Amino acid sequence: MNNHITRIQQNIEPLRQQIIQHKVYSVINDIEDLRVFMKYHVYAVWDFMSLLKSLQNGLTCTSVPWFPTGDGETRHLINEIVAGEESDVDMEGNFRSHFELYLDAMEQCGADTTEIGRFITVLREAGNLESAFNAAGTPEKAREFVRFTFETIDTRKEFLQAAIFTFGREDLIPGMFMSIIEDIHRHFPDSISVFKYYLERHIEVDGDHHSHLALQMTAKLCGNNELFWQEAEKATVVSLERRVALWDGVYEEVGLKIVK
């Protein structure tokens, strides 16, 4: 294992544990709670795809005319990850991006997709995150999460993007959450089977194969540049702090529902 990767993993472990052991999981008791969770989480699923495509744009040639771009190994790594994330298979064997699969899961369980749909529509038309946030009424914690992702994208530093992609997104679904989903699924199998499948695919594909590819990609991009590794660790810490804050937002909203 690369010494720099080991150092980052050790230094971010307390934050990872904050996410894995977050109190939000203890308040998700039924489908209504899950709908609130998904309303926030869908933004992380969407901007994950944006981060992924930004990496592909920077590390490969995605324009015409085509020219050899970047390093062959990093091209291979990012293209393989993109193929899995942008064209995975759903429960019927149809090709779907993980974002589209997540929307399918939201619709099946009755979660409102109007907000994220409005966000996408306005962003496509206006090209401005803040306009899209305001039009959709995006929760503030979700806004903060997405803003940081796009601030990182805007640096045009592929090694930073790779770092938050690798350390800030993978392997963060705790066993406790999966147990909760299993329990809800037993009572409402026709309402969350797609979400259960999404999580299982995430663990199988993202948390296993893709995480190894992402580690290789980050190591390749940072190389022996100590400054790159330091910047990568700093960005990773912030990305994990934003994830904690996102879960805080879910916890607070579910808590308000319980009080009412």
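Modeller: Happy to! Contact here means heavy atoms within 4.5 Å, and helices are DSSP runs of H or I with at least four residues, numbered from the N terminus. The model is predicted, so local features need pLDDT of at least 70 and side-chain atom pairs count only at pLDDT 80 or more, while totals for chains, interfaces and linings use all residues. Residues are numbered from 1 along each chain as its sequence is written, and side-chain values use heavy atoms, with hydrogens and water left out.

Let us follow helix α2, residues 31-59. On α2, Phe48, Leu51, Leu52, Ser54, Leu55, Gly58 and Leu59 meet Glu158, Gln161, Ala162, Ile164 and Phe165 of α8. By class, the residues of this contact are eight nonpolar, three polar and one charged; Ala, Val, Leu, Ile, Met, Phe, Trp, Tyr, Cys and Pro count as nonpolar, Asp, Glu, Lys and Arg as charged, and the others, Gly among them, as polar. The axes of α2 and α8 (residues 158-167) come within 10 Å and cross at roughly 145 degrees, where axes are lines fitted to C-alpha atoms over the stretch in contact and angles run from 0 to 180 degrees between N-to-C directions.

Now for the core. A nonpolar core is a set of buried Ala, Val, Leu, Ile, Met, Phe, Trp, Tyr and Cys residues joined through side-chain atoms within 4.5 Å, buried being under 20% relative accessible area with a 1.4 Å probe, protein chains only. The largest one has 87 residues, of which Phe37, Phe119 and Phe195 touch the most other members. Helix α2 gives the largest share of this core, 17 residues. Leaving aside neighbours within four places in sequence, Phe195 is in contact with residues including Leu34, Phe37 and Met38.

Definitions and conventions: Buried means under 20% relative accessible area, exposed over 50%, partly exposed in between (1.4 Å probe, protein chains only). Helices (H or I, at least four residues) and strands (E, at least two) are DSSP runs, numbered from the N terminus.
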